Number of protein chains: 2
Amino acid sequence: MEAAKKKRLKASGWIVGDVKAFLGLTDGEAAFIELKLALTDSLKRRRLDLGLTQTQLAKRLESSQSRVAKMEAGDRTVSLDLLVRSLLAVGMTVRELGKVIAAAARRSEA
Amino acid sequence: MEAAKKKRLKASGWIVGDVKAFLGLTDGEAAFIELKLALTDSLKRRRLDLGLTQTQLAKRLESSQSRVAKMEAGDRTVSLDLLVRSLLAVGMTVRELGKVIAAAARRSEA
DNA sequence: TGCGTTGATGTCCGAATCGACATACCGTGC
DNA sequence: GCACGGTATGTCGATTCGGACATCAACGCA
């Protein structure tokens with residue numbers, strides 16, 4: 001968390017300390033979770049943009065509705081592999097993927 | 001593969017058709033492999049930059065030398081999860097990760 | 001030559017993840 | 001209210017992936 005934001009929060013009465021600190025995660029682990037969340041959101045956004053239901057998307061991915069739901073819910077039984085494969089399967093390019101990730105990093109630093 | 005490159009190769013006597021076409025991969029699958037390769041290389045480069053042996057890196061990752069070797073070799077039993085978690089564990093930021101991925105895409109388009 | 005270090009490869013088996021199915025939940029329209 | 005389409009959640013057997021270990025090749029060095 002950036003210092004300025006921390007200060008703002010503290011000033012407004014919050015106890016400062018993010019999820020990472022609370023759960024005792026390392027920087028790497030926190031970054032990994034942050035990354036998964038960003039992809040999770042991207043996937044859901046893309047599905048809605050394509051006007052698909054979870055069931056329809058599942059068919060494209062040769063998966064099941066329940067797994068799509070878990071992907072979008074950030075379920076811990078969903079791997080980064082599956083998330084990325086899915087994004088690529090619905091037409092996201094590697095380049096766009098890179099952008100999404102970099103953008104997510106920027107957002108979380110703010 | 002981009003058209004211009006295809007032409008160049010053809011002109012120089014190569015039979016045109018990349019790995020993707022040969023193996024009958026979809027665009028998404030090909031992109032996924034491309035992505036893994038880029039991360040594989042990044043990991044090896046970072047390890048060498050840090051001046052670590054595979055065994056030393058393995059210790060940091062709480063893994064084993066053989067798994068590190070497989071990661072760097074692009075073994076199919078190595079997941080994207082492991083690759084990304086390893087990169088984050090050796091100090092790569094999510095933002096850098098995004099850049100590496102985008103850069104890899106640019107390179108493969110050329 | 002023999003020795004130590006580094007990395008590559010194959011295998012084992014427990015843990016994590018998968019697709020699938022059942023089922024519950026939640027709106028919306030009748 | 002009820003039905004229905006869409007989504008969420010829990011569970012199961014099968015597959016994949018993980019760390020660990022053994023082993024091998026390649027290298028430099030005494």
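The surface near DNA strand C comprises four nonpolar, ten polar and six charged residues. Here Ala, Val, Leu, Ile, Met, Phe, Trp, Tyr, Cys and Pro count as nonpolar, Asp, Glu, Lys and Arg as charged, and the others, Gly among them, as polar. A residue is near a strand if its C-beta atom, placed from the backbone, lies within 6 Å of it.

This is a predicted model, in which local features need pLDDT of at least 70 and side-chain atom pairs count only at pLDDT 80 or more, while totals for chains, interfaces and linings use all residues. Residues are numbered from 1 along each chain as its sequence is written, and chains are lettered from A and ligands numbered from 1 in the order in which they are written.

Around DNA strand D, the residues of the surface divide into four nonpolar, ten polar and five charged. The table sets out the two surfaces.

| DNA strand | Residues around it | Nearest residues |
|---|---|---|
| C | 20 residues | A:Ser66, A:Ser79, A:Leu82, B:Thr53, B:Ser66 |
| D | 19 residues | A:Thr53, A:Ser66, B:Ser63, B:Ser66, B:Leu82 |

Helices (H or I, at least four residues) are DSSP runs, numbered from the N terminus. Helix 5 of chain B gives the most to the surface near DNA strand C, with six residues. For DNA strand D, helix 5 of chain A gives the most, also with six residues.

Terms used
Helix = DSSP H or I, 4+ residues; strand = E, 2+ residues; numbered from the N terminus.
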